[in-house]
Amino acid sequence: MSESQGLVLLTGATGFIGSHVAKLLLGDGYSLRVTARNLTSNQNVKVSQLKAALSEYPSDRIEFVEADLLDQTVSWTQLVSGCQYVVHVASSLPERVPKTQAEADVTLRTAIGGTRAIIEAVAATKSVKKLVVTSSVASIAGIMGTRGRIYDETVWFDTNNRPLGLTYETSKTLAEKEAWRLFKDIKNPHFSLVCINPGVVIGPLLAQSTYSTSLTLIRFLLNREAPLLPQVFLPCVDVRDVAKAHLSALKTSGTDGQRVIVNTGTLSLKDIALILHEHLGPLGYRVPLRSAPDMLFRLIGYFRSDVTQLLFGLGCETVYDNSKMRELLRVQPMDLTQSVVDTAHSLIRHGHAALTPQYAAKYPEAEGLSANRY
């Protein structure tokens, strides 16, 4: 590899957040060793699209290696060898709520076991200076905070007796706690640990295959897949700000040993719908604007597993303190209106939301990009 600021092992680079982190790291002069579960079959499509998205950077600064966090035959110590930094983004964000405890256990094992494998490999590799782990506000309060309270990094999500619908929050909490537990058990560690806790991440995709379920609600609104809006409030942040937070955490010693909330502000689903209506409505998108009574949405949740998780946040407006993001990481968040608009354009152009005739007329270049028709 050509000379760089250091070699970074990056997990989850073929995903939504990880792809943006990869782009920023390369742009700042780092070299990457990127893990992928499978360099053949379907995963190879993701790798190919990521390579295309990063094609402006020298290919000798990007190395792809095959590795599964739960594969006991993989030597993570060997993969970490020679790296100065590790950024662990890979995580499981279920597309739907698990129907059984067995399904939930798979998510838990992936999150906790993957974090454990990374920590143990870093602890055994003296060349590593810093480990940055992507956690979530799900490990703090998720979307179920108490109105009027401001949540900071001292708060932990209560995982006791939680239903299947909160498997994601439980998995992120237990995985992050495992990271801090293992780190604190190391005597005289040669590396520092930082956990980044983003809110609901929105923003543009770098590639079609990097779609995230965190973008599902905006897709629903664009495609008018639900005629009414639930009373749900989302702590939102742009993926580009999340990537900046990872880069800053890697470079800033003041973040050592810290959890850092990375969140811009809270938007209701009605707020998001109004933004889409203003900016995309003239292009033929009939975004729903009427609110649904909570009882009606609870009834819908019994039949739509992809929205069941939102039931736990009905009427809860969770506010997060992002002072560490601004002061320690020096990340000044983007305007969320622009983030929502950019998300919408990206979903349309990558074929995840329908293409209207009006949109195609205004943006002729999108005609061949989206396979979906409104």
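Student: Which strands form the open sheet, and in what order?

Tutor: This is a predicted model. In general, strands of a sheet pair through backbone hydrogen bonds, either parallel or antiparallel. Here 3 strands form an open sheet. Their order is S8-S9-S11, and the pairing is mixed.

Student: Which strands stand at the edges?

Tutor: Strand S8 (200-202) and strand S11 (265-268) do. Each has a single partner strand, so one side of each is left without a neighbour in the sheet. Look at the twist as well. From one strand to the next, the twist averages 50 degrees.

Student: In which sense do S8 and S9 pair, parallel or antiparallel?

Tutor: Parallel. S8 pairs with strand S9 (residues 233-238) over 3 bridges. Find Ile202 to see this on screen: Asp238 in S9 stands opposite Ile202.

Student: Which helix lies across S8, S9 and S11?

Tutor: Helix H11, residues 336-349. Helix H11 runs at about 65 degrees to S8.

Student: Now the whole chain. How many helices and strands does the secondary structure come to?

Tutor: The chain has 12 helices and 12 strands.

Student: What share of the residues is buried?

Tutor: Buried here means under 20% relative accessible area. Of the 374 residues in the chain, 54% are buried. For the surface, the accessible area is about 16000 Å². Carbon and sulfur atoms account for 50% of that surface.

Student: And what do the contacts say about sequence separation?

Tutor: Take contacts between residues at least 6 apart in sequence. Of these, 79% join residues at least 24 apart.

Definitions and conventions: Residues numbered from 1 in each chain as written. Predicted model: local features only at pLDDT ≥ 70, side-chain atom pairs only at ≥ 80, totals over all residues. Heavy atoms only, no water. Helix = DSSP H or I, 4+ residues; strand = E, 2+ residues; numbered from the N terminus. Buried < 20%, exposed > 50% of the residue type's maximum accessible area, 1.4 Å probe, protein only. Contact = heavy atoms within 4.5 Å. Areas by Shrake-Rupley, 256 points an atom, 1.4 Å probe, with all protein chains shown as cover. Pairing = 2+ DSSP bridges. Axes fitted to C-alpha atoms, helices over the stretch in contact; angles between N-to-C directions.
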